[in-house]
Amino acid sequence: MSLSAPSSASSPAPSFELLPGAADSPVILHVPHSAREIPADVRADIVLDDPELERELDHITDSHTARIAEEAARACALTPWRFVNRLSRLVVDPERFPDEREEMLAVGMGAVYTRTTHRAELRPADHDPEPLIDRYFRPYARAMTEAVADRLAATGRAVVVDLHSYPTAPLPYELHGTGPRPPVCLGTDAFHTPPTLLATAREAFAGCGEIGVDSPFIGTYVPLEFYGKEPAVGALMVELRRDTYMTEPGGPPADPGVTRLAAALAALIAAVSG
């Protein structure tokens with residue numbers, strides 16, 4: 001199974017891509033926020049000038065997480081599947097609820113953002129999110145649902161490992177930014193993150209510094225079709241503090257951080273694949 005979103009004249013790059021893994025791997029390594037690409041017609045509705053937009057992308061992008069995921073996948077004897085967003089989260093954020101359930105609407109960061117990380121205007125307040133949700137969000141959600149269903153059918157289970165990063169200092173948009181900011185944060189869900197999965201992740205990342213749980217970010221990503229319903233879908237969010245592997249806010253990656261984190265992620269994938 002290989003899947004990518006169709007391209008178009010206004011969106012030259014595919015909006016997402018499912019990179020095949022081993023037929024008997026249950027793991028989907030999800031990388032939703034690593035890209036900076038914004039199609040020209042979407043850019044036209046963003047009020048920031050080009051330098052301001054570049055600065056915002058520096059802050060909001062989980063830079064180099066796609067590279068860490070790729071290196072981890074290459075190191076695994078049983079290759080995981082990788083679902084990678086190829087467009088910036090400033091187009092749509094595929095991990096938000098697309099309706100009033102989303103708490104980040106309080107700071108203008110629902111599925112389609114209207115405010116920046118520093119709470120400045122990104123799009124006009126009366127911007128209609130529905131065209132972007134229909135064009136990008138819903139196809140992404142359908143494809144991710146199909147990917148999870150495919151792993152369930154093939155292996156009897158699915159494990160979604162959701163890879164993110166966060167800055168050393170909290171940004172103004174964060175609703176829960178006052179708690180600890182350890183080098184590695186593991187986000188959990190009461191239904192989809194069993195204690196064994198959390199313990200396995202703690203062991204895998206033990207060499208990467210202090211490990212926190214659900215601070216500064218909480219929760220996991222599970223497609224809504226399975227959320228709270230299918231116990232065979234396990235999920236864990238892995239959040240990496242950016243100073244451990246790159247120059248902040250949007251600078252280059254740095255070793256040994258990238259290598260160390262990729263190896264830890266590979267160890268986690270290997271442990272949950274058996």
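V238 touches V161, D162, L163, H164, C185, L186, F205 and L268, leaving aside residues up to four places away in sequence. This contact list is read from a predicted model.

V238 also belongs to the largest nonpolar core, which has 35 residues. Together with F205, L240, L265 and L268, V238 touches the most other members of that core. Several elements each supply at least two of the core residues, including the strands β3 (27-31), β5 (158-166), β6 (184-187) and β8 (233-241). Another core lies apart from it, with 24 residues, among them L48, A111, Y136 and L171. In soluble globular proteins, nonpolar side chains tend to be buried together.

The chain as a whole has six helices and eight strands. Along the sequence they follow the pattern β-β-β-α-α-α-β-α-β-β-α-β-β-α. The radius of gyration is 18 Å, close to the 19 Å that the globule rule gives for 274 residues, so the chain is as compact as a globular protein of that length.

Some values for the whole chain follow.

| Property | Value |
|---|---|
| Box filled by the C-alpha atoms, along the principal axes | roughly 50 × 35 × 30 Å |
| Buried residues | 54% of the 274 residues |
| Accessible surface | about 11300 Å² |

Carbon and sulfur atoms account for 55% of the accessible surface. Among contacts with a separation of 6 or more, 78% are between residues 24 or more positions apart. The chain has 24 positive and 39 negative side chains, and the centres of these two sets are 2 Å apart.

Note on methods
Residues numbered from 1 in each chain as written. Predicted model: local features only at pLDDT ≥ 70, side-chain atom pairs only at ≥ 80, totals over all residues. Heavy atoms only, no water. Helix = DSSP H or I, 4+ residues; strand = E, 2+ residues; numbered from the N terminus. Rg over C-alpha atoms; globule rule 2.2 N^0.38 Å. Buried < 20%, exposed > 50% of the residue type's maximum accessible area, 1.4 Å probe, protein only. Contact = heavy atoms within 4.5 Å. Areas by Shrake-Rupley, 256 points an atom, 1.4 Å probe, with all protein chains shown as cover. Lys, Arg positive; Asp, Glu negative; His and termini not counted. Charge placed at Lys NZ, Arg CZ, Asp CG, Glu CD. Core = buried A, V, L, I, M, F, W, Y, C linked by side-chain atoms within 4.5 Å.
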